[in-house]
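Q: I have a chain open here and want to go through it piece by piece. Can you take my questions as they come?

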Amino acid sequence: MKKSALSVALCLCTLIINPTYAAAYDATRAGGGYVFSNVFSGNTSFNDYISFSTDGLQQVLTSISGTGTTFQFKEFNLLDENKNLVMNGTVFNSGPNLSFGFTNSIQQGSYYLQVVGESTGTNASYAGTITLANAVPEPESAALILAGLGLLGLKRRRQG
């Protein structure tokens, strides 16, 4: 009985000292992409879901920076509208301003950017951008398109 009470007390203390926040919010449309931010108070672990949508086959690039006594980003994931993993983020550069993206283009639809990390200090925050770029076709796709156009031209020439 004493061990159970001690375990419960320890869990409650851990939650009070180092709370974990999970938030879901919409990114704000800005130009060719989105902007987002979040503010924390105290020592915090966070697991945030930032919603955005794409207009077609697009590449997703993101930059984010955090402030606080110590600030550490642990994970960046792209999730579908049901919060299923689509792909993990690839970090392009690190430091106070972190850039990451996703190696494959994504189809038109609604998505979540999952940001996981920890911060310490009385006032901590992060802010970032999601940039959407039209996907560049693979060389094989370009070759297939050119071959098709060539065949159409050949057919047209024989008819005319």
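Q: How much of the protein chain is buried?
A: In this predicted model, buried residues account for 30% of the 160 residues.

Q: And the accessible surface, what does that come to?
A: About 10,300 Å² for the protein chain, with 57% of that belonging to carbon and sulfur atoms.

Q: How many helices and strands are there?
A: Two helices and twelve strands. From the N terminus the order is α-β-β-β-β-β-β-β-β-β-β-β-β-α.

Q: What share of the contacts joins residues at least 24 apart?
A: 79%, taken among contacts between residues at least 6 apart in sequence.

Q: Strand pairing next. How do E5 and E11 pair, parallel or antiparallel?
A: Antiparallel, over eleven bridges; strand E5 covers residues 44-54 and strand E11 residues 109-120. One of the bridge pairs is Thr54 with Gly109 in E11.

Q: How many bridges join E7 to E11?
A: Ten, and these two strands also run antiparallel, with E7 spanning residues 70-80. Phe73 is opposite Gly117 in E11.

Q: Back to Thr54. Buried or exposed?
A: Thr54 is buried, because its relative accessible area is 3% and the cut-off for buried is under 20%.

Q: What does the side chain of Thr54 reach?
A: The backbone oxygen of Gln107, at 2.9 Å. Leaving out neighbours within four places in sequence, Thr54 is in contact with Ile106, Gln107, Gln108, Gly109, Tyr111 and Leu132.

Q: Pick Leu113. What does Leu113 touch?
A: Not counting residues up to four places away in sequence, Leu113 touches Phe36, Asp48, Tyr49, Ile50, Phe52, Thr62, Asn77, Phe100, Phe102 and Ile130.

Q: Charges now. How many salt bridges does the structure hold?
A: Two. One is between Asp55 and Arg29, where the closest N and O atoms are 3.1 Å apart. Asp55 sits in the loop between E5 and strand E6 (58-67) and Arg29 in strand E3 (residues 28-30), so this pair ties together parts that are 26 residues apart in sequence.

Q: Arg29, how accessible?
A: Arg29 counts as partly exposed, at 43% relative accessibility.

Q: What does Lys74 form a salt bridge with?
A: With Glu118, the closest N and O atoms being 2.9 Å apart. Lys74 is in strand E7 and Glu118 in strand E11, so the pair ties together parts that are 44 residues apart in sequence. Recall that E7 and E11 are joined by ten bridges.

Q: What is the relative accessible area of Lys74, and what is the relative accessibility of Glu118?
A: Lys74 has 47%, and Glu118 has 31%. Lys74 is partly exposed, and Glu118 is partly exposed as well.

Q: Now the hairpin of E7 and E8. How many residues are between the strands?
A: Four. Three bridges join E7 to E8, and the two run antiparallel. Leu78 stands opposite Met87 in E8.

Q: What phi does Lys83 have?
A: A positive phi of about 65 degrees, although Lys83 is not a glycine. Lys83 is in the loop between E7 and E8. At 39% relative accessibility, Lys83 counts as partly exposed.

Q: One more loop residue: where is Gly89 found?
A: In the loop between strand E8 (85-88) and strand E9 (90-93). Gly89 is partly exposed, with a relative accessible area of 25%.

Q: What does Gly89 touch?
A: Phe76, Asn77, Gly101 and Phe102, not counting residues up to four places away in sequence.

Q: And how are Gly89 and Thr62 placed?
A: They are 27 residues apart along the chain, and their C-alpha atoms are separated by 9.3 Å.

Technical notes:
Residues are numbered from 1 along each chain as its sequence is written. This is a predicted model: local features need pLDDT of at least 70, side-chain atom pairs count only at pLDDT 80 or more; totals for chains, interfaces and linings use all residues. Side-chain values use heavy atoms; hydrogens and water are left out. Two strands pair if DSSP finds at least two bridges between them. Buried means under 20% relative accessible area, exposed over 50%, partly exposed in between (1.4 Å probe, protein chains only). Contact means heavy atoms within 4.5 Å. Accessible areas come from the Shrake-Rupley method with a 1.4 Å probe; for residues, only the protein chains shown count as cover. A salt bridge is a side-chain nitrogen of Lys or Arg within 4 Å of a carboxyl oxygen of Asp or Glu. A polar contact is a pair of N or O atoms within 3.5 Å; within protein, one must be able to donate a hydrogen and the other to accept it, and residues adjacent in sequence count only if both atoms are side-chain atoms.
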